[in-house]
Amino acid sequence: RGIQTTKLVSPIKDQNLTVLERSKQLAAWTAVDQHVKPEHRVIGIGSGSTVPYVVERIVQLGAEANEERVFIPTGFQSKQLIVESGLNLGDVDQFPTIDVTLDGADEVDRELNCIKGGGACHLREKVLAEAANTFILVADYRKNVEHLGTTFKQGVPIEVVPFAYAKVLQNLHHILGSPEASLRMAVKKAGPVVSDNGNFIIDAPFDQEKMKDPFTIMAQIKMLTGVVEVGVFCHMAKAAYFGNQDGSVTIK
Ligand code: 5RP
């Protein structure tokens with residue numbers, strides 16, 4: 001697939017934000033402006049530090065339209081965000097078809113494959129990406145890469161049922177060739193990170209060559225017994241927006 005990279009220069013000038021935060025805001029605002037249509041009624045809201053700018057823009061633009069809309073979260077954080085922003089909260093079991101889902105990413109390659117799950121939400125994020133007629137990624141300039149695994153070195157996030165984590169780790173080490181795969185621990189190693197679904201997260205780094213074929217990596221990991229979901233999303237996004245340091249936005 002031929003991806004065109006277009007650069008827009010955004011009119012947003014908020015001097016109170018750092019360059020990094022501003023780049024997230026630029027990406028999010030531009031994506032909302034281009035993909036949230038007045039007729040959209042069901043909107044998926046992803047997780048991470050870029051997504052609050054998506055909600056910020058939706059609130060700014062659509063007080064009236066938002067009364068008719070329902071917003072579906074990918075986890076606890078986005079649920080709080082939706083409620084605190086005064087938007088209508090819904091669930092994917094009530095609305096299994098979503099008009100547009102906007103979400104962050106840890107890395108996006110030139111084919112719009114991405115790594116997600118830095119915040120341990122990738123299972124619900126993948127459900128909302130799949131449920132959406134249009135799935136859009138928003139990210140800062142650090143996430144825009146040629147091949148996955150270039151800047152995001154912590155590896156592929158994998159959600160596993162707690163009972164199976166040691167066996168999955170062993171299989172990742174010995175069968176799939178990720179000797180550094182490890183259980184994600186909470187701050188100060190207080191215990192394993194537990195997802196919104198009550199599961200553990202493993203981070204599995206793979207070498208650059210393997211990461212050039214993200215679909216195969218994803219499929220091989222998903223076959224391991226005990227794996228619930230893999231934070232590699234292949235060919236799901238329609239477009240990705242990256243805010244740049246110079247105030248422009250790259251669209252792939
Ligand atoms: C959470 C995610 C996030 O979308 C991803 O980690 C990007 O986060 P940020 O916008 O903070 O860079 O996948 O599971």
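Predicted model: local features only at pLDDT ≥ 70, side-chain atom pairs only at ≥ 80, totals over all residues.
1. Basis. Local features are described where pLDDT is at least 70, side-chain atom pairs count only at pLDDT 80 or more, and totals for chains, interfaces and linings use all residues. Residues are numbered from 1 along each chain as its sequence is written.

2. Overall build. The chain holds 8 helices and 14 strands, taken as DSSP runs numbered from the N terminus (helices H or I, at least four residues; strands E, at least two). Its radius of gyration, taken over C-alpha atoms, is 18 Å, which agrees with the value near 18 Å for a compact globule of 252 residues (the rule being 2.2 Å times the number of residues to the power 0.38).

3. Three strands form an open antiparallel sheet in the order 5-6-12, where pairing requires at least two bridges found by DSSP. Strand 5 (107-108) and strand 12 (232-233) each have a single partner strand, so one side of each is left without a neighbour in the sheet. Strand 5 pairs with strand 6 (residues 114-115) over 2 bridges, and E107 stands opposite I115.

4. Helix 2. In helix 2 (residues 51-61) the buried residues are V51, Y53, V54, V55, R57 and I58, buried meaning that 20 or more other C-beta atoms, placed from the backbone, lie within 10 Å of the residue's own. Their cover includes helix 1 (19-35) and strand 4 (98-103).

How values were computed:
Buried ≥ 20, exposed ≤ 12 C-beta atoms within 10 Å, placed from the backbone. Contact = placed C-beta atoms within 7 Å.
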